[in-house]
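Please read the following points beside the sequence and the structure. They are set out for a reader who is new to such descriptions.

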Amino acid sequence: MSDNDLLALTRQVLGAAFVLGVLFGAIAQRTHFCTMGALADVVHSGDFTRLRMWALAAAVAMLGFNTLVAWGGVQAANTLYAAPRLMWLSHAVGGLMFGFGMVLASGCGNKTLVRLGGGNLKSLLVLVVMGVSALATLRGITGVARSTLLDPVVVSLPAGQDLPSLLAGASGLGVPLLALGLGAALALALAAWALADASAREADALLGGVGSGLLVVALWWVSSHWGFVAEHPQTLEPAFLATNSRRMESFSFVAPVGYGLDWLMMFSDKNNVVTLGVASTLGVVCGSAVVALATRRFRWEGFGGAADTAQHIVGAVLMGVGGVTALGCTIGQGLSGVSTLSLGSFIAVAAIVAGGLAALHWQVWWLERQA
């Protein structure tokens, strides 16, 4: 493959990531798909509809990813989530920080992008602060604390931390067969719970759940097949094109926001290029804007005062630091990571939910105290 062919292929992968991001943002704007909102619905009104929508999306993503593994050509080991080193403390602490922060900031990374597309200027500040905090945690001051205090606390596993790889050695069964079996079993259990209530079987709920899950799988396929070259012309080694991690990737919305800011600020640096994560993130904003304008939901919104601004800034910092520390957000870990059946992803998601519930109950306590 020549350098020109490689450049053309990279542009195709980025274009596909952008289009899938547009669809993801459009669906989220149309259906109000939001993990933080789902938790808030449960706490404040006992409504599980959006939580069931998220569960259905996770089920579809699990089944889709593990079908790709069984089909061949996709391995969880080629993702960021399935390393043999289980950084359980980083997942737990980062997840708690992200979960608490997303409530203070009125939404996770995905919801913040969707709200920006709908004209919410508060989301612009949240994204900038979250992106800067993410960069600082990737390679700055908070990154030193992360790599020194949290990341070294690990459990070393005999195989990758995805369940099929862990069970393959003990059972003697092949990873593809286990992936399909476990993926199908967990997906069916989640889908059964999600669809047990009639509200989750309505058109918007099905679109949000099934559509979001399928898009996660589609981006996995783009990254692992379309964007894979067996021999990079410069390194002569296998490579996944246009990814920051140099591995196959799907949707995630914390580190890519930071990489996007870095690209904008260092635009003249030829070594600083648009990646799959950045392209899909931009797509989410555009897709949300299209639907918001088409349905007349678009409206400019700003902060209500200094206290509101401060709360969103604190939340954005917690999301940026926590999202990078946990290796993902409600989408990066909650859908993309969980689809690989990674132990670390399950820990991170549990911590995000715990942090979010803690923040929601804290807000209720604070409001009652002020009354």
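1. A helix, as the word is used here, is a DSSP run of H or I with at least four residues, and helices are numbered from the N terminus. The model under discussion is predicted. Within it, Ser224 is found in helix H10, which spans residues 203-226.

2. Is Ser224 buried or exposed? Its relative accessible area is 4%, and buried means under 20%; Ser224 is therefore buried. The side chain of Ser224 reaches the backbone oxygen of Trp220 at 2.8 Å. When neighbours within four places in sequence are left aside, Ser224 is in contact with Val74, Phe240 and Met248.

3. The largest nonpolar core contains 77 residues, and Met102 and Phe251 have the most contacts inside it. Helix H3 (residues 49-71) gives the most to this core, namely 13 residues. Another core lies apart from it and has five residues, including Leu6, Leu9, Val229 and Leu241.

4. Phe251 deserves a separate remark. With neighbours within four places in sequence left aside, the residues in contact with Phe251 include Leu20, Gly21, Phe24, Leu215, Val216 and Leu219. Ser280, Ile331, Gly332 and Ser336 are also in contact with Phe251.

5. Which residues make the nonpolar surface patch of about 490 Å²? Leu121, Leu124, Val128, Val132 and Trp300 make this patch. Trp300 lies in the loop between helix H12 (276-294) and helix H13 (306-325). Exposed means over 50% relative accessible area; Trp300 has 62% and is therefore exposed.

Note on methods
Residues are numbered from 1 along each chain as its sequence is written. This is a predicted model: local features need pLDDT of at least 70, side-chain atom pairs count only at pLDDT 80 or more; totals for chains, interfaces and linings use all residues. Side-chain values use heavy atoms; hydrogens and water are left out. Helices (H or I, at least four residues) and strands (E, at least two) are DSSP runs, numbered from the N terminus. Buried means under 20% relative accessible area, exposed over 50%, partly exposed in between (1.4 Å probe, protein chains only). A polar contact is a pair of N or O atoms within 3.5 Å; within protein, one must be able to donate a hydrogen and the other to accept it, and residues adjacent in sequence count only if both atoms are side-chain atoms. Contact means heavy atoms within 4.5 Å. Patches are made of residues with over 30% relative accessible area and no salt bridge: like charges are joined within 9 Å, nonpolar side chains (Val, Leu, Ile, Met, Phe, Trp, Tyr) within 5 Å. Accessible areas come from the Shrake-Rupley method with a 1.4 Å probe; for residues, only the protein chains shown count as cover. A salt bridge is a side-chain nitrogen of Lys or Arg within 4 Å of a carboxyl oxygen of Asp or Glu. A nonpolar core is a set of buried Ala, Val, Leu, Ile, Met, Phe, Trp, Tyr and Cys residues joined through side-chain atoms within 4.5 Å.
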